[in-house]
2 protein chains.
Amino acid sequence: MTEKENNSFNLVCPPIIRDKKNIMLGHGSGGLLTHELINTTFKKIFTNPILDEGNDGALINLPVKKGKLVVSTDAHIVSPLFYPGGDIGRLAVSGTVNDIAMMGAKPLYLTASFIIEEGFPVESLEKIASSMKIACEEAGVVIIAGDTKVTEKGKGDGLYISTTGIGWLPEGRNIQGQNALKGDAIIISGTLGDHATAILQARGGLGFQSNVTSDIAPLNKMLEELIKQVQDIHVMRDPTRGGLGTTLVEIAKQSNVCIQIEETNLPIKKEVKTVCELLGFDPLYMANEGKVVIILPEEKCNKALEILQKHKYGQNAVRIGTVIDNKQSRVLLRTPLGSNRVIEMLMGEMLPRIC
Amino acid sequence: MTEKENNSFNLVCPPIIRDKKNIMLGHGSGGLLTHELINTTFKKIFTNPILDEGNDGALINLPVKKGKLVVSTDAHIVSPLFYPGGDIGRLAVSGTVNDIAMMGAKPLYLTASFIIEEGFPVESLEKIASSMKIACEEAGVVIIAGDTKVTEKGKGDGLYISTTGIGWLPEGRNIQGQNALKGDAIIISGTLGDHATAILQARGGLGFQSNVTSDIAPLNKMLEELIKQVQDIHVMRDPTRGGLGTTLVEIAKQSNVCIQIEETNLPIKKEVKTVCELLGFDPLYMANEGKVVIILPEEKCNKALEILQKHKYGQNAVRIGTVIDNKQSRVLLRTPLGSNRVIEMLMGEMLPRIC
């Protein structure tokens, strides 16, 4: 066959051979196979009145109270798709739910678009969708719209999921990156680097066994309780890609403040420390998916810690530092010897495809 | 080097060699390179007060009038990224804007998440972002949140973009797939299959030159005018993937009606007809990206056609059929000889990666 003949041949509609176990290009055609996949997998698992309408757009009624809408979006390309403590489905829901929650808002709705590589097992897709459903239930959100596309084999990596979250910010709440003030205390809700370590382990890159599982979790319920009981929170942010170091530099720049954290106070699991020492990683830059940095007035710090520590996702919450100046836009790490190291944003890429 | 040594080597943070012309894995790290890319490309091009805040979530105020929110999401994986009449950027904006507009809603905001393959030229990314910006301006929407992830070379195909749209549906409007009624007229806003033909041509799959360009366009302004002047519209839907045939079957099922269309009335460009005849494609299943099917009471049909035909995206609008029965959930195509062919949803995949 000449190249041209071969080309034309590929363009003609192939006979339908249904592969019930694996995703075919036809599942992204928008035609019958797409409808079947949506009905037998996504709609079956995610079923709710808004999604089930089946129109081009999902219709939602908003709370009647005054407030603002909060919108956030994330693409998820984590490799591998399944890892100790989670999978891309739990990640896609929790990551976006957390971004909404960081603004002090209540996550309500999610959209999800799936880019699936031809040949991907339908069973894995169902497992991931079920994991999304469980995370949605935990967070109290529903998936109201979706889209499915299929790429040729070799043009993806199994599955990519993009999620967009919509939340409601009640009037009077103002929790943003620019609100840190001199004197504020800085809290981290738990240990650093668990997610990155779990991913490393799943990739077989450690060369030894570790028991660290990903911390991935929707934090909105814990944070809602915190906000209700400690009203005066200035900043919340989840230190995901780029880790705590990058997140603090972002906040220092947005608020134009100088942040000082104490190296000895940073909560890091022994196994994570070992991994970092062996591989030359810095836990300050390792990704977390179920942690939050909270910046609030010093006098509220103990109450906040008490509330967080009662919650399963905040048991190891601890104060790690202070906003020491209303200028400079920088982050200092005080070492056990008392010297200060300037923390910059993560340079380059420590570990790609982390979330 | 043994395999294990090689593995460990890859895990250690590589020295930063900045490639200013191409996307590096570090651009997806969430660290410094990500911030630089966002600031020098995305924020520079998409700048608006909501996006520029730079928090985890975008804050939006909603219209004070009564109504509902309409939300829609799409993943875009079109290949090639640039084609006659458009590119993935114009597609990502128009596709989502149109889904919102099909509900009779006014598109207001978009989110965009980018999955970029390592090595992708920054210049192409800027070209695509600029094209998105132009389409946003035409549609009257702004991009309020985004995300950037980078996959290793060979795990993507240049660029995938997922967009989510948020629109506002004023109270009293009810345009949905389940509203078609016996006696309604069916309009198509223009010629069929232009987008699919343009993609085919760009892939070099035609074996000859054609002058067909993609019809890709945001239709919301035209449809807003139509709704204001012809209030009683029952259904609007854009026949994208799966084409007019699949779209009509979807509507027939949702409304439980029998739809009859006239083959001789289907507007198809001569070049598209030729392509279909040569390659064995059926224009009924070819994708469109700037067309809309409108179903409305017969007595409103002429006025609607008049309004559409005045608009650049509706010049070739024509009535193509009628809802002939309030049951059966099927679509009939009346041929020039007077016989009726039952139209099913697209089976398999005619042309993958079309949108």
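Q: What should be kept in mind about numbering and the model?
A: Residues are numbered from 1 along each chain as its sequence is written, and chains are lettered from A and ligands numbered from 1 in the order in which they are written. In this predicted model, local features need pLDDT of at least 70, side-chain atom pairs count only at pLDDT 80 or more, and totals for chains, interfaces and linings use all residues, while side-chain values use heavy atoms, without hydrogens and water.

Q: At what angle do H4(A) and H5(A) pack?
A: Helix H4 (residues 88-101) and helix H5 (residues 122-139), both of chain A, pack at about 30°, with axes 7 Å apart. Helices are DSSP runs (H or I, at least four residues), numbered from the N terminus. Axes are lines fitted to C-alpha atoms over the stretch in contact, with angles from 0 to 180 degrees between N-to-C directions. H4(A) and H5(A) are therefore roughly parallel (under 35 degrees).

Q: Which residues of H4(A) meet H5(A)?
A: Among them are A:Ile88, A:Val93 and A:Val97, and their partners in H5(A) include A:Ile128 and A:Met132. Contact means heavy atoms within 4.5 Å.

Q: Turning to the chains, how much area do chain A and chain B bury between them?
A: About 7500 Å², 57% of it on carbon and sulfur atoms; this is accessible area (1.4 Å probe) lost on putting the two parts together, summed over both. The contact takes 88 residues from chain A and 88 from chain B.

Q: How many salt bridges are there between chain A and chain B?
A: Six, where a side-chain nitrogen of Lys or Arg lies within 4 Å of a carboxyl oxygen of Asp or Glu. A:Arg241 and B:Asp147 meet in a salt bridge at 2.9 Å, N to O.

Conventions. Helices (H or I, at least four residues) and strands (E, at least two) are DSSP runs, numbered from the N terminus. Angles under 35 degrees count as roughly parallel, over 145 as roughly antiparallel, 65 to 115 as roughly perpendicular and the rest as oblique.
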